[in-house]
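Colleague: I would like to learn how to read strand pairing and ring contacts in a model like this one. Could you take me through them step by step?

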Amino acid sequence: MTTTPPPATSSSSSAAASPASPAAQPQPQQAQAQEKDDDPSISSECPLYCVACCRGSGNGDQDQDHDDEEGAAEPAAVVVAAGGGGRGGTGVPNLVHVRGWPIVPPQPAATAKEGEGDVKGKGKAKKGEAEAERIMGVHDFGGVAVRNVAARMAVRKEKSPVLPCIEKGLSEFSDPREKPVLLLLGAENTCTLALASPTKFVKLGSVVTVARPDNDPDSEIEQKVVCFDRSGERFFTGSTTGELCCWSIDSLSKLYECKGHQKQIVSLSCSKSGTMLASASFDNTCRIWDTTSGKLLSTLLPVKRPGVCTKDAFTGCRFINNDTALLTTEIRPTKACYLSKWLAAKDNNFAMHKSVLVAKWSNTCFDTSPSGKYAAIGVPENQIFLFSTHNLSRIACIENHGFIVTGVSFAPYDTHVLSVGLDNALRWAKVEPLVRAHRNRTGCAYISLSLFILLLAMLFYYLFL
């Protein structure tokens with residue numbers, strides 16, 4: 001992995017359920033990840049298309065006020081990466097990788113000691129975490145490749161109500177130390193609900209989310225993106241035809257459809273309050289919906305760029321800052337990618353605040369950190385750009401993949417950027433060193449500028465006064 005300081009560039013973005021029997025699931029293959037500090041990665045037997053990270057205990061939205069049980073041996077979070085070779089006799093399997101990810105919350109600056117806060121177990125990691133973080137389950141998904149995934153915790157809090165379908169699946173996890181996450185796995189035109197841990201994978205059911213003509217398996221119509229709502233009782237799906245639907249997790253039945261998009265939906269984001277859903281589409285709109293009724297609240301249009309006749313297409317959206325802001329990514333017809341920040345206005349609308357150039361290529365993936373402080377954007381040139389969401393300044397360019405980056409996510413507490421790509425690898429990079437290096441570069445630039453201005457002032461004084 002290498003990091004390069006980038007230049008700062010800116011300018012003013014009816015389905016039928018088919019439940020599967022948990023007992024009939026194949027036993028997962030166990031894999032031991034051989035990792036080194038200078039090569040933080042895991043190799044797969046197939047190309048990977050999506051990645052997600054979720055805490056296995058506490059709040060599934062990765063809130064950072066939860067204390068895990070002292071001495072707990074299980075991983076505090078789970079990373080899920082999925083992909084595959086798809087249909088046909090390619091010989092490439094369709095796999096779901098589930099890896100434990102221990103959490104060591106960052107220490108306050110006044111009390112932190114060397115090594116603390118390192119998820120590699122060098123600091124004061126809890127008992128068993130150094131071993132747990134290297135446990136990874138490799139599960140065969142079947143005859144289709146997983147293209148999109150969403151993850152949340154299966155049980156929000158101890159003694160809290162659990163949906164019947166999830167409770168049935170939890171009975172398969174006999175070890176009380178296992179705290180599986182709930183997964184939505186999108187493959188072709190179906191969505192599969194599953195429970196997963198590093199040692200076990202249980203399918204709860206699947207549903208056809210978008211119809212294909214004559215059930216043609218070679219049709220290009222497919223589900224494109226999945227998203228949980230905040231209540232844990234529903235989920236949303238978006239398709240290549242512009243269909244945006246809300247589904248019940250317990251019954252896998254359609255609750256309502258949000259009509260408005262005319263082209264492929266590429267990104268979904270549910271607000272922290274759970275009342276709004278943002279959807280980004282290639283029809284040059286980002287729409288805000290009411291999650292209770294499916295009513296359209298507002299429509300965002302991309303900013304018009306100088307010298308460009310056509311509008312940009314939205315490629316990503318994420319709510320941040322307690323729903324007071326929305327981040328979007330857009331691509332121009334020339335394939336240049338922009339990151340835009342929108343601020344909440346009246347009547348559930350958002351107004352453009354700032355837009356910056358990310359790269360002169362279209363982006364392939366986009367996500368924000370659990371705290372909302374950082375945004376990661378993957379591009380086809382094997383790069384991941386890390387941005388600050390406060391002022392949209394570029395922090396670093398991460399180059400740790402050998403081929404196209406297809407998915408990005410963040411670990412809890414914003415400690416790492418997780419990524420997958422067509423080089424068959426799950427990789428991660430620490431955020432804190434990148435942020436520290438960016439601050440050092442910025443500080444040096446300000447000092448140099450101040451000294452230069454002081455020198456000019458002194459020169460002017462001696463020459464003219």
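**Reading strands and rings**

Modeller: In this predicted model, L268 stands opposite S279 in β18, and that position belongs to an antiparallel pairing in which 5 bridges join strand β17 (residues 265–270) to β18.

Colleague: What lies between β17 and β18, and which residue in the turn has a positive phi?

Modeller: The two strands form a hairpin with 5 residues between them, and G274 in the turn has a positive phi of about 80°.

Colleague: Which residue of β19 is the bridge partner of A278?

Modeller: The partner is I288, and here again the strands run antiparallel, with 5 bridges joining β18 to β19 (residues 286–290). β18 and β19 also form a hairpin, with 4 residues between them and N284 in the turn at a positive phi of about 70°.

Colleague: How should I read the two faces of β18, and are they covered or open?

Modeller: In a regular strand the side chains alternate between the two faces of the sheet. In β18, M276, A278 and A280 are buried on one side, and L277, S279 and S281 are buried on the other, in keeping with 6 of its 6 residues being buried.

Colleague: And how is an aromatic pair described?

Modeller: One gives the distance of the centres and the angle of the planes. The whole structure holds 4 aromatic pairs, among them the tilted pair of F314 and W342, at 6.4 Å centre to centre with 45° between the planes. This pair links distant parts of the chain, since F314 lies in strand β21 and W342 in strand β23, 28 residues apart, and both residues are buried.

Conventions:
Residues numbered from 1 in each chain as written. Heavy atoms only, no water. Phe/Tyr/Trp six-rings, centres within 6.5 Å; stacked < 30°, edge-to-face > 60°. Buried < 20%, exposed > 50% of the residue type's maximum accessible area, 1.4 Å probe, protein only. Pairing = 2+ DSSP bridges.
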